[in-house]
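Me: I would like to go through this structure with you. Could we start with the overall layout and then turn to the interior?

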Amino acid sequence: MMRQKRISLLVLIVGLLILGFLAARYFGWTNTPKETSIPEPNIEIQTQIVEDTTFALRYASYTRDEIKVGYEIKGITILKDYNIVCKLFNNKKDITASDTSGGGLVKMGENHYYLTGMENISKIVLPDPLILTVEITAVPTDSRLEPITASFELSLNKEKN
């Protein structure tokens with residue numbers, strides 16, 4: 001009788017542990033970026049290699065209210081070793097109200113990421129087409145290292161919302 005209670009208790013504990021693990025995975029209660037595939041590009045991909053780090057601009061859109069960019073980075077560890085800052089410029093004038101790197105981060109594998117950034121431009125009047133410069137900087141968490149920067153330029157027509 002006592003042995004049966006122990007077995008039942010052990011099965012209950014293991015079941016709760018498995019259920020907790022599955023809930024953590026389902027609801028994303030981890031600090032690691034999700035792994036998935038890269039979205040299809042909507043522009044001609046532009047690539048630069050700077051200090052063994054590959055930057056690729058893959059996505060850009062421009063509407064009355066916002067500018068969105070999507071870019072891929074290979075060769076560095078984001079979050080642990082580098083923070084990413086993305087700035088947007090129109091005619092060499094910074095139109096970034098805040099760093100656009102907060103839009104999203106998708107881990108593609110070891111040292112391989114896809115990031116998105118969005119900038120609210122509803123209070124700014126910009127030309128159509130927009131000559132957009134996207135400047136992506138990997139800022140090292142170790143102050144002894146130098147930042148790594150790639151810059152891309154493209155022309156975007158304003159899309160209808």
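Me: How many helices and strands are in the protein chain?
Reply: This is a predicted model, and its protein chain has one helix and nine strands. Along the sequence they follow the pattern α-β-β-β-β-β-β-β-β-β.

Me: What share of the residues is buried?
Reply: Buried residues account for 35% of the 161 residues in the protein chain.

Me: Which residues of the largest nonpolar core touch the most other members?
Reply: They are Ile67, Val69 and Leu132, in a core of 31 residues. Strands E2 (53-62), E3 (66-74), E4 (82-90), E7 (112-120), E8 (130-140) and E9 (148-156) each give two or more residues to this core.

Me: What is Leu132 in contact with, leaving aside its neighbours within four places in sequence?
Reply: Leu132 is in contact with Ile67, Val69, Leu88, Phe89, Ile95, Phe152, Glu153, Leu154 and Leu156.

Me: Turning to E4, why is it largely enclosed by the rest of the structure?
Reply: Seven of the nine residues of E4 are buried, so the strand is largely enclosed.

Me: In which sense do E4 and E8 pair?
Reply: E4 and E8 pair in the antiparallel sense, over nine bridges. Ile84 stands opposite Ala138 in E8.

Me: And what do E4 and E5 form?
Reply: E4 and E5 form a hairpin with two residues between them. The pairing of E4 with E5 (residues 93-94) is antiparallel over two bridges, and Asn90 stands opposite Lys93 in E5. In the turn, Asn91 has a positive phi of about 55°.

Me: Lastly, what does the accessible surface of the protein chain come to?
Reply: The accessible surface is about 10,700 Å², and 54% of that belongs to carbon and sulfur atoms.

Notes. Residues are numbered from 1 along each chain as its sequence is written. This is a predicted model: local features need pLDDT of at least 70, side-chain atom pairs count only at pLDDT 80 or more; totals for chains, interfaces and linings use all residues. Side-chain values use heavy atoms; hydrogens and water are left out. A nonpolar core is a set of buried Ala, Val, Leu, Ile, Met, Phe, Trp, Tyr and Cys residues joined through side-chain atoms within 4.5 Å. Buried means under 20% relative accessible area, exposed over 50%, partly exposed in between (1.4 Å probe, protein chains only). Helices (H or I, at least four residues) and strands (E, at least two) are DSSP runs, numbered from the N terminus. Contact means heavy atoms within 4.5 Å. Two strands pair if DSSP finds at least two bridges between them. Accessible areas come from the Shrake-Rupley method with a 1.4 Å probe; for residues, only the protein chains shown count as cover.
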